[in-house]
Amino acid sequence: MEECRIALAKGRLLKESIPLLERAGLEMVANPNDDRRLILNSKDKNIEFVILRAADVVTYVEYGAADLGIVGKDMLMEEDSRGIYELYDLGIGKCRLSVAGLPSPQKLKYRPRVATKYCLSARRYFAQCNKQVGIIKLYGSMEMAPILGLADLIVDLVDSGKTLAANGLQEFETIKDISARLIANRTAMKIKDRTVKNLVEQITNVC
């Protein structure tokens, strides 16, 4: 088998990806949740795993620094990349991209401000709804924006909804149900055709 590199997203998705990869026979030499190294080999040495921020997984795969990747659909929607193939819904990392804000019986103003790190997805959604909004880009602690008056609404990932509730926010609309996707570099699919297809089959057969 040719050497192949797989990009994995840090955080919750990494925790769910490891058991999936192990079932597929792709066990790492160490658990990346307990190891500070950002590059880990598989135990058979043929596969190299790189541990990245979720937003960077798409970029590494698109530009060929990784052959395959596991990343949330939210990142694919936001990056809008054309240099990759979205191969398979792995059914892990399930959550939803939603609109939320403070509960209020009052009607929102004409052009509400929306805080989010998903600017492209938010713009598309509100445009489809024929709603004019102002987008404010934030990178974290989204729940604070309505509380402190920075924004009227937020667009963010929601799992159980407990964090929203704990901060006095309400989920209003679901934009998209999200789960992890297996992606591939277009060039790698041609140059490493057999290796990449074998890995894809190994992974998807255990989903």
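Mentor: A salt bridge here is a side-chain nitrogen of Lys or Arg within 4 Å of a carboxyl oxygen of Asp or Glu, and helices are DSSP runs of at least four residues, numbered from the N terminus. Please keep in mind that this is a predicted model.

Trainee: How many salt bridges does that rule give?

Mentor: The count comes to 13 salt bridges. One of them joins the side chains of Lys 197 and Asp 193, at 3.3 Å from N to O.

Trainee: Where do Lys 197 and Asp 193 lie?

Mentor: Both are in helix 8, 4 residues apart, which is about one turn of the helix. Lys 197 is partly exposed, at 47% relative accessible area, and Asp 193 is partly exposed as well, at 30%.

Trainee: Is Lys 73 buried or exposed?

Mentor: Lys 73 counts as buried because its relative accessibility is 16%, and the cut-off for buried is under 20%. Glu 86, at 37%, counts as partly exposed.

Trainee: What does Lys 192 pair with?

Mentor: Lys 192 meets Asp 67 in a salt bridge of 3.2 Å, N to O. Lys 192 lies in the loop between helix 7 and helix 8, and Asp 67 in the loop between helix 2 and strand 4, so the pair ties together parts 125 residues apart in sequence. Asp 67 is buried, with a relative accessible area of 8%.

Trainee: Turning to the aromatic residues, why is the pair Tyr 125 and Phe 126 classed as it is?

Mentor: Their ring planes stand at 75°, with the centres 5.3 Å apart, so the pair is edge-to-face. Tyr 125 is buried at 13% relative accessibility, and Phe 126 is buried at 2%. Elsewhere, Arg 186 lies over the face of Tyr 85, 4.4 Å from the ring centre.

Trainee: And what volume does the largest pocket have?

Mentor: The volume is about 720 Å³. Of the 24 lining residues, those closest to the pocket centre are Ala 54, Asp 74, Lys 117, Tyr 118 and Leu 157.

Trainee: Which helix gives the most to that lining?

Mentor: Helix 3 does, with 4 residues. The lining as a whole divides into 11 nonpolar, 3 polar and 10 charged residues.

Terms used:
Residues numbered from 1 in each chain as written. Predicted model: local features only at pLDDT ≥ 70, side-chain atom pairs only at ≥ 80, totals over all residues. Heavy atoms only, no water. 1 Å grid on protein atoms, 1.4 Å probe; cavity = no way out; pocket = protein on both sides within 12 Å on 5 of 7 lines; lining within 4 Å. Points joined across faces, edges and corners; volume = space filled by probe spheres on them. Helix = DSSP H or I, 4+ residues; strand = E, 2+ residues; numbered from the N terminus. Nonpolar A, V, L, I, M, F, W, Y, C, P; charged D, E, K, R; others polar. Phe/Tyr/Trp six-rings, centres within 6.5 Å; stacked < 30°, edge-to-face > 60°. Buried < 20%, exposed > 50% of the residue type's maximum accessible area, 1.4 Å probe, protein only. Lys NZ or Arg CZ within 6 Å of the ring centre and 35° of its normal.
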